[in-house]
Amino acid sequence: MSLFSFNKKKPVIGLTLSGGGMRGIAHIAVLKALEEFNLKPDIISGTSAGSIVGAFYSFGKTPDEMMDIVKSTTFFFQVLFKTFQKWHFQLKFYFKTIYRSLS
């Protein structure tokens, strides 16, 4: 075993999701954008709404399935769905840059 390793290792991707109903919707958009670039988090942590989203994702729910759950509940407002679309569009740009730097 050498002191220096020149083998490229796969980076570990960790994702921390914060609390708040509106942020919970944004977290779903982040997960959707990550999936579009084949970036799957190895570690997920969260609090409040972030822990719910993280638990659903860890259980195997897709971002689209999570959005269906959000849409079927009565305590979310219609404005949140427009926010999801806006966040998804903006995040695609940022993750495209990250994806290129990891390749």
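This is a predicted model: local features need pLDDT of at least 70, side-chain atom pairs count only at pLDDT 80 or more; totals for chains, interfaces and linings use all residues.
Figure 1. Buried stands for under 20% relative accessible area, exposed for over 50%, and partly exposed for values in between (1.4 Å probe, protein chains only). An α-helix has 3.6 residues a turn, so residues three or four places apart point the same way. Just after α2 comes Gly-60, with a positive phi of about 110 degrees. Residues are numbered from 1 along each chain as its sequence is written. Local features need pLDDT of at least 70 and side-chain atom pairs count only at pLDDT 80 or more, while totals for chains, interfaces and linings use all residues; side-chain values use heavy atoms, with hydrogens and water left out.

**Figure 2. The largest nonpolar core.** This core has 15 residues, and those touching the most other members are Leu-15, Ile-28, Leu-31, Leu-34, Leu-39, Val-53 and Met-66. A nonpolar core is a set of buried Ala, Val, Leu, Ile, Met, Phe, Trp, Tyr and Cys residues joined through side-chain atoms within 4.5 Å. At least two residues of this core come from each of β1 (14–17), α1 (21–36), α2 (49–59) and α3 (63–72). The element that gives the most is α1, with five residues. Not counting residues up to four places away in sequence, Met-66 touches Ile-28, Leu-31, Val-53, Phe-56, Tyr-57 and Lys-61.

**Figure 3. His-27 and its surroundings.** His-27 is found in helix α1 and is buried, with a relative accessible area of 9%. A polar atom of the His-27 side chain lies 3.0 Å from the backbone oxygen of Ser-18. A polar contact is a pair of N or O atoms within 3.5 Å; within protein, one must be able to donate a hydrogen and the other to accept it, and residues adjacent in sequence count only if both atoms are side-chain atoms. With neighbours within four places in sequence left aside, His-27 is in contact with Leu-17, Ser-18, Gly-50 and Val-53.

**Figure 4. The salt bridge between Lys-32 and Asp-64.** One salt bridge is found in a search of the whole structure. It joins Lys-32 and Asp-64, whose closest N and O atoms are 2.8 Å apart. The pair links distant parts of the chain, with Lys-32 in helix α1 and Asp-64 in helix α3, 32 residues apart. A salt bridge is a side-chain nitrogen of Lys or Arg within 4 Å of a carboxyl oxygen of Asp or Glu. Lys-32 is buried, at a relative accessible area of 19%, and Asp-64 is partly exposed, at 44%.

**Figure 5. Ala-29 and Pro-63.** Ala-29 is found in helix α1. Its relative accessible area is 0%, and Ala-29 is buried. The C-alpha atoms of Ala-29 and Pro-63 are separated by 7.2 Å, with the two residues 34 apart along the chain.

Figure 6. Most residues other than glycine have a negative phi. Asn-38 has a positive phi, near 55 degrees, and is not a glycine. This residue lies in the loop between α1 and β2 and is exposed, with a relative accessible area of 68%. Ser-48 also is not a glycine and has a positive phi of about 55 degrees. Ser-48 is placed in the loop between β2 and α2 and counts as partly exposed, at 49% relative accessibility.

**Figure 7. The protein as a whole.** Four helices and two strands make up the secondary structure elements of the protein, in the pattern β-α-β-α-α-α along the sequence. Helices (H or I, at least four residues) and strands (E, at least two) are DSSP runs, numbered from the N terminus. Of the 103 residues in the protein, 34% are buried. Among contacts between residues at least 6 apart in sequence, 76% join residues at least 24 apart. The protein exposes about 7,500 Å², of which carbon and sulfur atoms supply 62%. Accessible areas come from the Shrake-Rupley method with a 1.4 Å probe; for residues, only the protein chains shown count as cover.

Methods:
Contact means heavy atoms within 4.5 Å.
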